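Reader: I have a structure to look at and some questions about it. Can we go through them one at a time?

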Amino acid sequence: MRIFRIKKNIQKKTIVYGGNLSRLYGIQNLVKGFMQTELDAELHLYGAGGDASFIEECAKQDPRIRFFGRVDRKTLLVALKKAHLLVVNKPTEDDYSNYSFSSKILEYMASGTPLLTTKVGGMPEEYLKYVYIIEDESIDGISIALTVAMDSVLKEHYVFCEKAAHFAIEDKNYRKMTEKILSFFAVPVV
């Protein structure tokens, strides 16, 4: 299954986050961490939330930061596919994060673009071999994680994320998940 194209033709390397732009989702640390990098890349942020004005101010200071605001789903999905790296930076100190699993992680994996994420407690272990993990959620830690992940992404020529997309699409689709639920209740699958 070859679902993804090498993005060598896209001149500017991009890191994309789409969603709620608030401290609850670690946006300030993500933006500050990116600003500390020396990456020849842009951070594209899509969405709305309490930290939108913070992002706009940071974009004035660092031309590598691009804020697109709220966009329609199709526009966001195109951005996810064109990006070189996607980020989910949900702080693990939040109890809610540790008892839930973000559907955004699965959606990002299915896009065929590499994903850098925090390891929220609700994330099953089987996902860890398909994503890059932010081990240190401090601003410095995020800066390092972004740099290391982008370096790895560019060297691996997307084999890593192709496996992640296959996992998300083939192993975690609605049919497979329905089979698991039915087997849990010992209902024969027709």
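Reader: Does arginine 70 count as buried or exposed?

Author: The model is a predicted one. Arginine 70 sits in the loop that runs between strand E3 (65-69) and helix H3 (73-82). A residue is exposed when its relative accessible area is over 50%. Arginine 70 has 70% relative accessibility, so this residue counts as exposed.

Reader: Which element gives the most to the largest nonpolar core?

Author: The largest nonpolar core has 26 residues, and Leu45 is one of those with the most contacts inside it. Elements that give two or more residues to this core include strand E2 (41-46), helix H2 (52-61) and helix H6 (139-156). With six residues, the element that gives the most is H6.

Reader: Is serine 111 buried or exposed?

Author: Serine 111 is in the loop between helix H5 (103-110) and strand E5 (115-118). Buried means under 20% relative accessible area. Because serine 111 has 12% relative accessibility, this residue counts as buried.

Reader: Which residue has its backbone oxygen 2.6 Å from a polar atom of the side chain of serine 111?

Author: Leaving out residues up to four places away in sequence, serine 111 touches Leu80, Lys81 and Leu86. The backbone oxygen that lies 2.6 Å from a polar side-chain atom of serine 111 belongs to tyrosine 108.

Conventions: Residues numbered from 1 in each chain as written. Predicted model: local features only at pLDDT ≥ 70, side-chain atom pairs only at ≥ 80, totals over all residues. Heavy atoms only, no water. Helix = DSSP H or I, 4+ residues; strand = E, 2+ residues; numbered from the N terminus. Buried < 20%, exposed > 50% of the residue type's maximum accessible area, 1.4 Å probe, protein only. Core = buried A, V, L, I, M, F, W, Y, C linked by side-chain atoms within 4.5 Å. Polar contact = N/O pair within 3.5 Å; in protein donor to acceptor, adjacent residues only side chain to side chain. Contact = heavy atoms within 4.5 Å.
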